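Me: I'd like to go through this one with you piece by piece, if you have a moment. Let me put it up here first.

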Amino acid sequence: MALMRSLLGAKKILGRSVTATASTSKRAASAAPPKGFLAVYVGESQKKRYVVPISYLSQPSFQALLSKSEEEFGFDHPMGGLTIPCPEDAFINVTSRLQ
């Protein structure tokens, strides 16, 4: 039950998610996140766009995800936002613990 509440809380915090496919990538890239938030693309093969609070940038666990991203992708992010190459459930697990 606690896991379910945690996942529901993570979805609420993460806001909306848009699958970044060929048909939606232009629309997703052009939709600017609200003030105080940033777009991140998460996934290994198919990327999903999440809008997260910029306060996550100061959290050590989120910084670890970004470091891994830098190792794999460098600073070139062709989708227009940060790309985090981890399974979506791992991303949700980490971000659900952040406040």
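Me: Which residue is the bridge partner of Val42 in β4?

Reply: The bridge partner of Val42 in β4 is Ile84. Before going further, this is a predicted model, in which local features need pLDDT of at least 70 and side-chain atom pairs count only at pLDDT 80 or more, while totals for chains, interfaces and linings use all residues. Residues are numbered from 1 along each chain as its sequence is written, and side-chain values use heavy atoms, with hydrogens and water left out.

Me: How many bridges join β2 to β4, and do they run parallel or antiparallel?

Reply: Three bridges join strand β2 to strand β4 (residues 82-84), and the two run parallel; strands count as paired if DSSP finds at least two bridges between them.

Me: And what about β2 with β3?

Reply: Strand β3 (residues 48-53) pairs with β2 in the antiparallel sense over six bridges, and Phe37 has Pro53 as its bridge partner in β3. The two strands form a hairpin with five residues between them, and in the turn Gly43 has a positive phi of about 140°.

Me: Is β2 mostly covered or mostly open?

Reply: Strand β2 (residues 37-42) is mostly covered, since five of its six residues are buried, where buried means under 20% relative accessible area, exposed means over 50%, and partly exposed is in between (1.4 Å probe, protein chains only). Over the protein as a whole, which has 99 residues, 31% count as buried.

Me: Stepping back, what pattern does the protein follow along the sequence?

Reply: Read along the sequence, the pattern is α-β-α-β-β-α-β-α, with four helices and four strands in the protein; these are DSSP runs numbered from the N terminus, helices being H or I with at least four residues and strands being E with at least two.

Me: New topic: how many salt bridges does a search of the whole structure find?

Reply: The search finds one salt bridge, defined as a side-chain nitrogen of Lys or Arg within 4 Å of a carboxyl oxygen of Asp or Glu. The side chains of Lys48 and Glu88 meet in it, at 3.7 Å from N to O. This pair links distant parts of the chain, with Lys48 in strand β3 and Glu88 in helix α4 (residues 88-96), 40 residues apart.

Me: Why does Lys48 count as partly exposed?

Reply: Lys48 counts as partly exposed because its relative accessibility is 26%, and Glu88 is also partly exposed, with a relative accessible area of 26%.

Me: Which residues gather in the negative patch on the surface?

Reply: The patch of negative charge is made up of Glu44, Glu70, Glu71, Glu72 and Asp89. Patch members have over 30% relative accessible area and no salt bridge, and like charges are joined within 9 Å. Helix α3 (residues 60-73) gives the most to the patch, with three residues. Glu70 is found in helix α3 and is partly exposed, at a relative accessible area of 41%.

Me: Last one, is Phe91 buried or exposed?

Reply: Phe91 counts as buried because its relative accessibility is 0%, and its place is in helix α4. Phe91 and Phe62 are 29 residues apart in sequence and 8.8 Å apart in space, C-alpha to C-alpha. Val52, which lies in strand β3, likewise counts as buried at 0% relative accessibility, and Val52 and Thr95 are 43 residues apart in sequence and 8.7 Å apart in space, C-alpha to C-alpha.

Note on methods. Patches are made of residues with over 30% relative accessible area and no salt bridge: like charges are joined within 9 Å, nonpolar side chains (Val, Leu, Ile, Met, Phe, Trp, Tyr) within 5 Å. Accessible areas come from the Shrake-Rupley method with a 1.4 Å probe; for residues, only the protein chains shown count as cover. Lys and Arg count as positive and Asp and Glu as negative; His and the chain ends are not counted. The place of a charge is taken as NZ of Lys, CZ of Arg, CG of Asp or CD of Glu.
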